[in-house]
Structures are given as structure tokens and as C-alpha cells.
Amino acid sequence: MADVRAEVENPQEQTGPVKILITDRIAHEGVAFLREQLPDAQIDERPGLKPEQLKAIIGEYSALVVRSETQVTSDILTAAHNLRIVGRAGVGVDNIDTAAATRQGIIVVNSPTGNIMAAAEHTIAMLMALARHVPAADASMKANKWEKSRFLGIEVRNKTLGVIGLGKVGMAVARRAQGLEMQIIAFDPFVSTEQARKSNVTMLSLEDVLKQADFITLHTSLTSGPNGTRGLISEKELAMMKPGARLINCARGGLIDEEALLKALNEKHIAGAALDVFSQEPIRDNALLQQLIAHEHIIATPHLGASTEEAQVGVATDVAEQIVSVLSGGFPRAAVNAPLILPETLKILQPYMVLVEKMGRLYTQLQPEPLRKIELTYSGEIASYDLRPLQAALVKGLLESVSEAHVNMINAQVLAKEWGIEIVEQKSTTPAEFANQVTLRVSSESGSNTNKDDYVNVISGTVMHNEPRIVQVGPYWTEFVPEGPILFCRNIDQPGMIGLVGTVLGKAQVNIRHMDVGPSERKARSYELARPTESALMVISVDNPIPEWALDEVNQTGTIYGVKMVNL
Ligand SMILES: NC(=O)c1ccc[n+]([C@@H]2O[C@H](COP(=O)([O-])OP(=O)(O)OC[C@H]3O[C@@H](n4cnc5c(N)ncnc54)[C@H](O)[C@@H]3O)[C@@H](O)[C@H]2O)c1
Ligand SMILES: O=C(O)[C@H](O)COP(=O)(O)O
């Protein structure tokens, strides 16, 4: 593997054209972009698939494009053997099990900015519609009535708008509402008072926002867990709202306890609510939701926040571009579950990624025992870069031969954790032995490396002329290119050892490509005589695998021991 990007690859050697599946309706510009950029790909648009139908076919596809309707559950993902990327043509990824995707090394991308304006403008439309009863008045006219006095509204000017969640959409709504001469107060635990003040927004506690606002609008994402936003507006919060206030939700359905909302409306505690999103979408035969949207003081739209021509073209092309990039071995712009590395950085890191992966493979083959802790030390200029791809490459090298898992940059850390491997990094821009050097120090299951053959607790390498070189294995200094079949053995450091091995390999018709005999101390490299009792490491790269009998013969010499073949 030369590139972790390329490792987001097909683990089951798919044959035939790359296949892309689109299961929700997206703008045709996005589909056209995919067809234009990937002319050999098969692009299937199959909106409205049932979960079992999706599960039955997902295994054929390399990319999946969805909006908020398709539920990309862990169950679906378990059948997605070839899937490399899920593209969400929109913002919210709560319909995608991103944790399951991460475990499987599947990139999830979205379009974080493509529909902000659409959502903000829809919120303002809901605000005005609530204030002036526009939908009910329209329905009345269509019923051939003229109920002028029934639809007395309120002005929004000089009213207070409470924004809960002052992120991208929340802030866009605040700005637009300021244009309507509203006062803006907000609650968002992650936005500073100072930052908000610059935009003329007053940050308050949730309680104060609820108590002071004439209109409340929700703009947080939906999260679960003890500090999650699910049920953020429940009975207690509704009770805190100013009598006669109005509530707008163009964010996510689960943010409001819909039963409590119906109660608050029936009790006339609040004057109305405008909902674009629901806890179940589509609503179908959900009795509570049917009752809620039928309420005379509810305005409902079927999740239309992002449904503008502009936003749909924006999100569809945004996601299509990222799919093309990933399927072509590049990086996505807006990955929800992958670290972003600039292409320029990646180019520099690439030979080190090869090096580190080979170091991992070498360790696992020389020392096949469960690992516990790995210390990766980077020295030289390389230490100044974002080195996450190197960690991923290391995990890949270490686990590849012992695990079925498909390791890539997305899941490397999760997998390492699952295997109980702790990886710590040390960085120093001061060069060590070489201008740039990466050293791997390993503690295995036993913790103390007591095994008599356990000399491989350190592996160090560098890159020369863009080619990886291993420069240290355990206490031995060496220098070889980690590539292809390599014989490792140790010998008593005395004359005649190279000849012994050479004779056996000659007999076995094995051609030696490169040989290095490394003493256990650096000074011996300067051709000083080593003491005869010292050992050395022989690293012999060969053109073809060495037969078993020849390995046995080398092992039986008595002066050469620890004979092991590795394949890098
Ligand atoms: N209806 C639609 O079609 C539509 C369109 C676009 C976006 N959305 C939804 O709107 C929501 C906001 O989108 P965004 O792009 O602005 O997201 P964002 O991430 O930019 O903003 C979310 C904000 O919520 C804040 N937040 C988190 N937890 C909070 C809590 N407990 N209380 C208060 N604030 C909290 C965050 O700090 C953040 O500032 C998302 O749920 C998104 O899916 C809906
Ligand atoms: O999260 C989003 O982007 C919006 O909720 C839009 O969802 P949609 O693509 O299903 O309209």
C-alpha cells in the first residue's frame, strides 16, 4: 500500500464497473456530474427502496447517495461489503449510523453548507406564516370563505426571537430576523457571549430564552445520550415558554416532545407552532403526529427546509464531487468520520506511510504475539506534519496478517482500540541518526519482552531517495529496503558466517538481491573489530522464496540462529 487514500478500496475485489446507488431524489445536476466524471461507472437511481430491498443489493455498490429518507442502519452496512463512501446530499447525518460506517472503514460525507440559506429562509417563512395565519387564511379562501376578522395576526417587529442553537442555520435566521427588526436572544452552550455580541445577539440560559421570547426557533442537531438534544423541548420547557408564544422547528423532529406540544396547544398555553420536521418521517399512520398536524394552530410542511432549487443543486453537486474524489483515490472535502489531510501533505507523507506500514508488517511477522502498547517516535522535519495517516498505515501493517478487518484511515484507530493496542506518539523536529526517522517501540502481551527470541522490540526506519529503508531492528543496526521475501537470521559475529549462508542459498538456487550484516553496536559499523562473542543480524533479500530444507540447514549450523523468512 502506498497511499491510505487508495486503501479505502474494495475489500472483496469487485469485478465489473464501479456502481453508485442513489436511494433518495437528488438534483439531476449531481447525477449528471457523476456520469460525466465517471463515464464507466454504473449509476442506479432507486428511490423508495424498502430496508430489506436495500440490504439485498447494497453489497454490489461502492458508493451510496442519500438524503434524510433512507435509513443507513448498521444492519444495512453489514451487507455493504464493497461500500467505500456514503454521501448525504444535505447536512443532517442522523439517518446514517456513522459509528458502524467508521468501524467498517466507510467514509461518510455531507454538504455542511449547501442548504443553510434554504433552511434559514424556510424558518423565516414559518415565522411570518405563524404571525399572520397565512396557511389557514389560504385554506379558508380555497373553501370559498372570506373570514377577514378570523385571522388577526401580530407583527414581528420589536418582538423577541429566541434562537436555540446558534450554528450556521441559527445565525443565518438571526441575521434575517434582525432585518425584520426583531430582538435576538439565544441559547447555545458552545457559542461565547462575546462572539454572539458581535452579531447583536444576546446569549442567555435556556430557561431565560424560553421565558423571554415571543417566538422560539430550534436549530441544533439531534443527538442522543445524557447531554443529547433529543427531547430538548419537553413538557417542562414548554411550560416555561411565555404564554401566547410561538414555536418553530426546522431542525430535527426528535428535538420536541410532540405529545407535550399537543398538550400545550390544547391548553392554549402557546399560540401556535410551525413544524417542518417530525419524529417519524414520513408521518404515515402515526396517530399522534396526525393529530398534531391537524391542530388549527399548527403549521406543517413535509421537511421542506432544504427544498429549494439552489440548495438541491448545491448539495447534490457537493456530494457528487466528493464521491468522484474518493472513488478516484482522493480525499473528500467534508467527511463526517475521516481526518482531512491536505493533498500536499499527503504527497510528503506517502513514502513514510509505506515505511511505517512495512515496519508494522515486519514486526508482526518477526514477533507474532499480541501487542499492547506501541510508541511511535518521529524525529526530523517529518514530525512537523499531521501524522494521522502514518498511524493508520502502522495499524494496517500490524493487523493485516492477523485480522480479516479491512484497515484504512477511517477505521484504523477504532480497530487498534478494539485490539487493545495503545498507540502513543512522540515528536521531535530535531533529527536523530537520520534527517527524518520513525521508530517503533513495542510492548507485547508479556509486557516485558522476556521471550528469548524477542529482540524485535524496536524497529527504526527512514526514507532515502523517496524509498523506505529499515535502519534498526532490535539492537542491530542495518540498512535494507523492506520489499519482497527477506531472510532474517542472527549469527555469532565471527568470520565465515556469510559464506555459510551463501553456500546453502546457492545450493537451493536462491538468488541474493541484497545482503546486510548489522552488528549490535553502531561503532562496529566503522569497521572496528567486533568482539567474537557478539551477535549480528543478517538481512538477506532474495529473489525467490527459500525452501524449508535450506532454512533448516542454515538453522543447524550452530553459529546461525533465529532463522525467519518474512515477506514485505
Ligand atoms: N429542515 C431542513 O430541511 C434542514 C435543513 C438544513 C439543516 N437542518 C437541520 O438544522 C440543524 C442545524 O443545522 P446547522 O447546519 O446550523 O448545524 P450547526 O452544527 O452549524 O449548528 C448547530 C448548533 O447547535 C448547537 N448546539 C448543540 N447542542 C446544543 C444544545 N443542547 N442546546 C443548544 N444548542 C446546541 C451547536 O453548538 C451549534 O452551534 C441540524 O439539525 C440540521 O440537520 C434542517
Ligand atoms: O439535514 C438536512 O440537510 C435537511 O434536513 C434536509 O434534508 P433533506 O435532504 O431530506 O431535505
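In the predicted model, a polar side-chain atom of aspartate 276 lies 3.0 Å from a nitrogen atom of ligand 1, a polar contact being a pair of N or O atoms within 3.5 Å. Oxygen atoms of ligand 1 also take part in such pairs: one is 2.7 Å from a polar backbone atom of valine 169, and a backbone N or O atom of threonine 220 lies 3.1 Å from an oxygen atom of the ligand. Taken alone, ligand 1 exposes 860 Å², of which the protein buries 86%, with accessible areas computed by the Shrake-Rupley method and a 1.4 Å probe. Around ligand 1 there are 25 residues, of which Lys168, Val169, Asp188, Cys250 and Asp276 come nearest, where a residue counts as near if one of its heavy atoms lies within 4 Å. By class, this shell divides into 11 nonpolar, 10 polar and four charged residues, with Gly counted as polar and Cys as nonpolar.

Ligand 2 is surrounded by residues that include Ser68, Arg88, Asn115 and His303. A polar side-chain atom of arginine 67 lies 2.7 Å from an oxygen atom of ligand 2, while an N or O atom in the side chain of arginine 252 is 2.6 Å from an oxygen atom of the ligand. The backbone contributes as well, as a polar atom of valine 91 is 2.5 Å from an oxygen atom of ligand 2. Taken alone, ligand 2 exposes 320 Å², and the protein buries 90% of that. The shell around ligand 2 has three nonpolar, five polar and three charged residues.

In helix 1 (residues 28-37), Gly30, Val31 and Leu34 are buried, that is, under 20% relative accessible area, whereas exposed means over 50% and partly exposed in between (1.4 Å probe, protein chains only). Seen down the helix axis, these buried residues fall within an arc of 100 degrees, so they line one face of helix 1, the arc being that of the directions from the axis to the C-beta atoms. They pack against strand 1 (19-22), strand 2 (42-45) and helix 13 (309-327), with contact meaning heavy atoms within 4.5 Å; helices (H or I, at least four residues) and strands (E, at least two) are DSSP runs numbered from the N terminus. The face turned away from the buried side carries the exposed residues His28 and Glu36.

Residues are numbered from 1 along each chain as its sequence is written, and chains are lettered from A and ligands numbered from 1 in the order in which they are written. Local features need pLDDT of at least 70 and side-chain atom pairs count only at pLDDT 80 or more, while totals for chains, interfaces and linings use all residues, and side-chain values use heavy atoms, with hydrogens and water left out.

Note on methods: A polar contact is a pair of N or O atoms within 3.5 Å; within protein, one must be able to donate a hydrogen and the other to accept it, and residues adjacent in sequence count only if both atoms are side-chain atoms.
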